[in-house]
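Q: Can we go through the charged side chains in this one? Start with the terms, please.

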Amino acid sequence: DFVANVSHELKTPVGAIRLLSDAMQDAADDPEAVRRFADRMFTESERLGKLVQQIIELSRLQADDPLDAPVAVHLDDVIATAVDTSRMDAENKNIQVMVGGTSDLQVFGNEQQVLAAVSNLVSNAVSYSEKDSTVLVTTRVDEGSVDISVVDQGIGIPAEELDRIFERFYRVDPARHRSTGGTGLGLSIVRHALLNHGGTIDVSSQEGEGSTFTVSLPLSPAQAQLSQERTHDV
Ligand code: ADP
């Protein structure tokens, strides 16, 4: 199934690049047209590159068990890196990305995978928001787990689509989202990374108002113990 989906998805940009190169040959005497085709070729090859990179990331996630050799993952660092990765896109749209909540939290597992999950959520929040809005990333402890929420004031997701957005290659509006360079793999990567860590993901959304994605991950054993002791104290 995966291989069939992948071949289908790869064929689109590859076919487009091929057609564009034919068009460029035909328009060799028209510098204006050549420039336009070259621009589109660049967009399509960027898309192809992103697809290949995300396919590799997803296959790796499906093969690796982060709990084989788990390490403490510091969420402050992960969130800072995730926010930094989307900084340029956010600045281009004058979107303010704010971070808040409980600091110094740790989960147990693979930093790369937790980072992939948080980065994809922050990047989506920025991509699917209009200019001049705010994205908020917060953390809090809820019993033995950590909740990380990414809240945006963006376009939202229709209720009937909420179940499907985690499927591989699924996009709510492929025509519109072609322009955002989306691949439909981001949320599959998020879901796999979380499943690998014994975590969950939840989404609530209102069309035209915004979306909230909440990731829940087990606290690292040392912190879970601490948080339990604190509860007993009270
Ligand atoms: P993509 O690469 O298209 O962003 P994802 O798997 O990350 O793929 O997301 C799947 C679809 O879910 C997106 O195409 C988009 O329609 C919808 N989506 C994801 N995050 C958001 C968000 N924060 N706001 C609105 N729609 C979203």
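A: Buried means under 20% relative accessible area, exposed over 50%, and partly exposed in between (1.4 Å probe, protein chains only). This is a predicted model: local features need pLDDT of at least 70, side-chain atom pairs count only at pLDDT 80 or more, and totals for chains, interfaces and linings use all residues. Residues are numbered from 1 along each chain as its sequence is written, and side-chain values use heavy atoms, leaving out hydrogens and water.

Q: Is Glu167 buried or partly exposed?
A: Glu167 is partly exposed, at 34% relative accessible area.

Q: Which side chain does Glu167 meet in a salt bridge?
A: Arg164, at 3.0 Å, N to O. A salt bridge here is a side-chain nitrogen of Lys or Arg within 4 Å of a carboxyl oxygen of Asp or Glu. Arg164 is partly exposed too, with 38% relative accessibility.

Q: How many salt bridges does the structure hold?
A: Five.

Q: Which residues are linked in a network?
A: Arg140, Asp142 and Asp147. Arg140 pairs with Asp147, closest N and O atoms 3.3 Å apart. Arg140 also pairs with Asp142, at 3.8 Å.

Q: And how covered is Asp147, buried or exposed?
A: Asp147 is buried, at 10%. Arg140 is partly exposed at 46%, and Asp142 is partly exposed at 35%.

Q: New topic. Where is Asp104?
A: Asp104 sits in the loop between strand E2 (96-101) and strand E3 (106-109). Strands are DSSP runs (E, at least two residues), numbered from the N terminus. Asp104 is exposed, at 60% relative accessible area.

Technical notes: Helices (H or I, at least four residues) and strands (E, at least two) are DSSP runs, numbered from the N terminus.
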